Amino acid sequence: MAWRINRLSLFSFLLLWIPVLALAYGKEKKRVELFLTASQAELIGKKIWENESGGKVSGLLAWNVGEDFASLGICHFIWYPAGKKGPFEESFPRFLEFALENGAKLPRWLTPQSNCPWSTRTVFYAAEGGRQMEELKLFLLDTIPLQIQFAILKLKNALPKMLALSPANEKKKVEENFILLSQSPRGVYALVDYVNFKGDGTWPTERYKGKGWGLLQVLEEMDGGDPIDAFCQAAENVLKRRVKNAPPSRHEERWLAGWINRIETYRH
């Protein structure tokens with residue numbers, strides 16, 4: 001489908017920023033470079049949107065069954081209502097800050113400090129067609145290029161955080177696996193998608209029985225062979241462990257098949 005992009009041009013933002021992502025971290029300021037053209041960045045954004053909601057405009061405004069938050073944009077950024085902060089990292093307010101910094105105009109009622117104005121999934125979908133919902137939809141459509149840029153920036157920020165949290169005996173493995181994946185377009189897609197899909201693994205509340213499910217845990221779990229195959233197998237293992245450790249009341253087994261299908265897209 002064609003993307004509706006009015007005020008923000010994909011290439012005016014991405015061509016200035018994407019060609020090389022140089023990640024510097026640690027006392028010695030080591031650098032890991034990710035080579036990503038504007039067209040590759042656009043393709044990654046389309047794939048993320050397809051993974052989250054089939055690439056549908058309606059999927060930019062979602063609230064999944066069994067969740068306490070709205071999921072917005074091509075990456076399904078999390079947005080909690082007032083009084084309902086949960087264990088998962090809330091990413092929509094951070095995206096709003098990023099959008100403002102890069103010249104986007106927010107609806108008058110919306111700020112990075114705003115809570116989701118709809119308190120439940122039922123109330124959320126009952127508001128379809130209303131002024132606030134329509135303004136939010138137009139904002140999300142207009143900022144798709146920035147959402148792609150924000151998704152890639154999330155990966156850029158992840159490596160130093162992951163290495164800071166990794167046990168001393170795992171740091172080298174995490175770094176080497178990250179570098180191996182970063183050397184191919186498919187590997188970069190896997191990294192960007194997974195860190196937006198399940199986080200970087202450093203958020204302290206994103207744990208069940210002390211075990212996380214983010215990018216850090218997948219990189220730690222990888223075990224030799226082809227980097228893409230190893231990443232996919234490790235991600236599957238980590239997510240199966242998450243479902244096993246999840247509180248039974250969450251019934252996370254209902255999502256596992258979809259999660260694994262998403263991981264399989266990294267192979268192609």
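## Leu180 and helix 7

Leu180 is found in helix 7 of what is a predicted model. With a relative accessibility of 42%, Leu180 counts as partly exposed, since that value lies between the 20% below which a residue is buried and the 50% above which a residue is exposed. Although Leu180 and Pro227 are 47 residues apart in sequence, their C-alpha atoms are 6.5 Å apart in space.

On the side of helix 7 the contact is made by Phe178, Leu181 and Ser182, and on the side of helix 8 by Gly187, Val188 and Leu191.

## The chain as a whole

Taken as a whole, the protein chain has a secondary structure of 11 helices and five strands. Of its 268 residues, 53% are buried, and the chain exposes about 12,500 Å², of which carbon and sulfur atoms supply 53%.

When contacts in the protein chain between residues at least 6 apart in sequence are considered, 63% of them join residues at least 24 apart.

## Helix 8 and its surroundings

Helix 8 covers residues 185–198, which gives it 14 residues, and from its first C-alpha to its last it reaches 20 Å, close to the 20 Å expected at 1.5 Å a residue. Because 12 of these 14 residues are buried, helix 8 is largely enclosed by the rest of the structure. The buried residues are Gly187, Val188, Tyr189, Ala190, Leu191, Val192, Asp193, Tyr194, Val195, Asn196, Phe197 and Lys198, and among them Gly187, Val188 and Leu191 take part in the contact with helix 7.

The elements against which the buried residues of helix 8 pack are helix 2 (38–53), helix 6 (144–165), helix 7 (171–182), helix 9 (215–221), helix 10 (227–245) and helix 11 (253–264). Helix 8 is followed by Gly199, a residue whose phi is positive, near 85°.

## Helix 10 and helix 11

Two of the helices that pack against helix 8, namely helix 10 and helix 11, also pack against each other, at an angle of about 170° and with their axes 10 Å apart. This makes helix 10 roughly antiparallel to helix 11, because the angle between them is over the 145 degrees that this description requires. From helix 10, the residues Cys232, Ala235, Glu236, Leu239, Lys240, Arg242 and Val243 meet Glu253, Leu256, Trp259, Ile260 and Ile263 in helix 11.

Asn245 also has its place in helix 10. Its relative accessibility is 15%, so Asn245 counts as buried. If its neighbours within four places in sequence are left aside, Asn245 is in contact with Tyr208, Lys209 and Lys211.

## Cysteines

Terms used: Residues are numbered from 1 along each chain as its sequence is written. This is a predicted model: local features need pLDDT of at least 70, side-chain atom pairs count only at pLDDT 80 or more; totals for chains, interfaces and linings use all residues. Side-chain values use heavy atoms; hydrogens and water are left out. Helices (H or I, at least four residues) and strands (E, at least two) are DSSP runs, numbered from the N terminus. Buried means under 20% relative accessible area, exposed over 50%, partly exposed in between (1.4 Å probe, protein chains only). Contact means heavy atoms within 4.5 Å. Accessible areas come from the Shrake-Rupley method with a 1.4 Å probe; for residues, only the protein chains shown count as cover. The expected span of a helix is 1.5 Å times one less than its number of residues. Axes are lines fitted to C-alpha atoms, for helices over the stretch in contact, and angles run from 0 to 180 degrees between N-to-C directions. Angles under 35 degrees count as roughly parallel, over 145 as roughly antiparallel, 65 to 115 as roughly perpendicular and the rest as oblique.
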